[in-house]
Amino acid sequence: MPVYCTDSYASNVVIDASKLTAYEHSVPKSRIPENNPTFPNWGGKLDTNGNFIKWFGWKMHALVDTTSGIPISYIITPANIADMDVAESLIQKMIDDYDEEIHPKYYMMDAGYDKPELYAAVHTKFQGQAIIPINWRMLLAVLSFAFSS
């Protein structure tokens with residue numbers, strides 16, 4: 001049995017996305033082809049200091065073992081794709097790539113992944129626990145919508 005298939009390997013994983021800048025001339029949004037997952041797009045996110053960073057390119061969404069720091073799986077998308085919308089596909093890709101031999105117990109993600117459907121999918125579909133800080137901006141938007149209706 002390969003080393004990566006032991007019970008202790010990848011019992012805790014982290015999921016996050018990193019920007020990949022396109023080293024070509026940026027294109028105005030109006031000239032970006034729709035539904036083309038290989039074409040770069042405009043994306044933005046907050047850095048660790050709360051500064052908004054905008055770039056033209058892609059995102060690499062990675063699932064990494066927290067003990068070794070070794071990437072287990074990754075997906076590359078245009079930069080405009082939200083992190084939370086890729087997480088479930090990334091976990092499923094890991095399961096498929098390793099023939100269901102890796103079963104993390106804990107999936108750690110940042111607040112950009114705070115979505116009720118993701119918590120449910122990690123628990124029911126992948127038999128794990130998602131550990132995600134609350135995204136207060138999203139929570140406030142949901143609460144303001146609920147109380148305004």
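Buried means under 20% relative accessible area, exposed means over 50%, and partly exposed is in between (1.4 Å probe, protein chains only). This is a predicted model, in which local features need pLDDT of at least 70 and side-chain atom pairs count only at pLDDT 80 or more, while totals for chains, interfaces and linings use all residues. Residues are numbered from 1 along each chain as its sequence is written, and side-chain values use heavy atoms, with hydrogens and water left out.

**Whole chain**

Start with a cartoon view. The chain has 3 helices and 6 strands, where helices (H or I, at least four residues) and strands (E, at least two) are DSSP runs numbered from the N terminus. Followed along the sequence, the pattern is β-β-β-β-α-β-α-β-α. Of the 149 residues, 34% are buried.

Select I76, which sits in strand 4 (residues 71-78). Its relative accessibility is 43%, so I76 counts as partly exposed.

**Salt bridges**

Side chains of opposite charge can pair when their charged atoms come close. A salt bridge here is a side-chain nitrogen of Lys or Arg within 4 Å of a carboxyl oxygen of Asp or Glu. The count by this rule is 4.

Select D83 and K59. Their closest N and O atoms are 2.8 Å apart in a salt bridge. D83 is in the loop between strand 4 and helix 1 (87-97), and K59 is in strand 3, so this pair links distant parts of the chain, 24 residues apart. Are these two residues buried or exposed? D83 is buried, with a relative accessible area of 11%, and K59 is buried too, at 5%.

Next, select D85 and K115, whose side chains meet in a salt bridge (3.3 Å, N to O). D85 lies in the loop between strand 4 and helix 1, and K115 in the loop between strand 5 (106-109) and helix 2 (116-124), so the pair ties together parts 30 residues apart in sequence. D85 counts as partly exposed, at 49% relative accessibility.

Then go to helix 1 and select D97 and K93. They form a salt bridge with the closest N and O atoms 2.8 Å apart. Being 4 residues apart in the helix, D97 and K93 are separated by about one helical turn. Both are partly exposed: D97 at 43% relative accessibility and K93 at 29%.

**Pockets**

On a 1 Å grid over the protein atoms alone, a pocket is an open set of points with protein on both sides within 12 Å along at least five of seven lines, whereas a cavity is a set where a 1.4 Å probe fits but cannot get out; lining residues have an atom within 4 Å of a point. Grid points are joined across faces, edges and corners, and a volume is the space filled by probe spheres set on the points.

Select K45, L46, D83, G112 and R137. Among the 21 residues lining the largest pocket, these lie nearest its centre. The elements giving two or more residues to this lining are strand 2 (41-46), strand 3 (52-65) and helix 3 (136-148). The volume of the largest pocket is about 500 Å³.
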